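Here is a short briefing on one protein model.

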Amino acid sequence: MAATRSTSKLSRTWVRHTRRSVLQFLDATRFPSVARHGQRGQTFEYPEWLIMLIGVLAVTCQEQTYLGIHRMTCRCWKALCGRQVQ
């Protein structure tokens, strides 16, 4: 996928460093994991930290559209999630 104007501002190293910092902050503040009940299945753990991290990156890139945020997320997915989200 080609880099757009906003996602070209991101480096994978910076994304991984930012993810580490966000997770350390959430751990230090004892941010709770949220368990959601699926309408059609079992309860699953909702990675709310991931949504918050995507929001930080979107603001950093000044990305204003949902489609732009989706493209940015697809481009950086492995760096965003690490081994924590499959």
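**Positive patch and fold**

Helix α1 (residues 12–28) is the top contributor to the positive patch, supplying three residues. The model is predicted: local features need pLDDT of at least 70 and side-chain atom pairs count only at pLDDT 80 or more, while totals for chains, interfaces and linings use all residues. Residues are numbered from 1 along each chain as its sequence is written, and side-chain values use heavy atoms, with hydrogens and water left out.

**Surface charge**
- Arg-12, Arg-16, Arg-20 and Lys-78 form this patch of positive charge on the surface.
- Patch residues have over 30% relative accessible area and no salt bridge, and like charges are joined within 9 Å.
- A salt bridge puts a side-chain nitrogen of Lys or Arg within 4 Å of a carboxyl oxygen of Asp or Glu.

- Arg-20 lies in helix α1 and is partly exposed because its relative accessibility is 48%.
- Val-15 also sits in helix α1; at 0% relative accessible area, Val-15 is buried.
- Buried means under 20% relative accessible area, exposed over 50%, partly exposed in between (1.4 Å probe, protein chains only).
- Of the chain's 86 residues, 29% are buried.

**Fold**
- The chain has four helices and two strands, in the order α-β-β-α-α-α from the N terminus.
- Helices (H or I, at least four residues) and strands (E, at least two) are DSSP runs.

**Confidence**
- Mean pLDDT (predictor's confidence, from 0 to 100) is 76, and 69% of residues score at least 70.
- Helix α3 (residues 66–75) has the highest mean, 88, and strand β2 (residues 43–46) the lowest, 61.

Methods: Patches are made of residues with over 30% relative accessible area and no salt bridge: like charges are joined within 9 Å, nonpolar side chains (Val, Leu, Ile, Met, Phe, Trp, Tyr) within 5 Å. Accessible areas come from the Shrake-Rupley method with a 1.4 Å probe; for residues, only the protein chains shown count as cover. Lys and Arg count as positive and Asp and Glu as negative; His and the chain ends are not counted. The place of a charge is taken as NZ of Lys, CZ of Arg, CG of Asp or CD of Glu.
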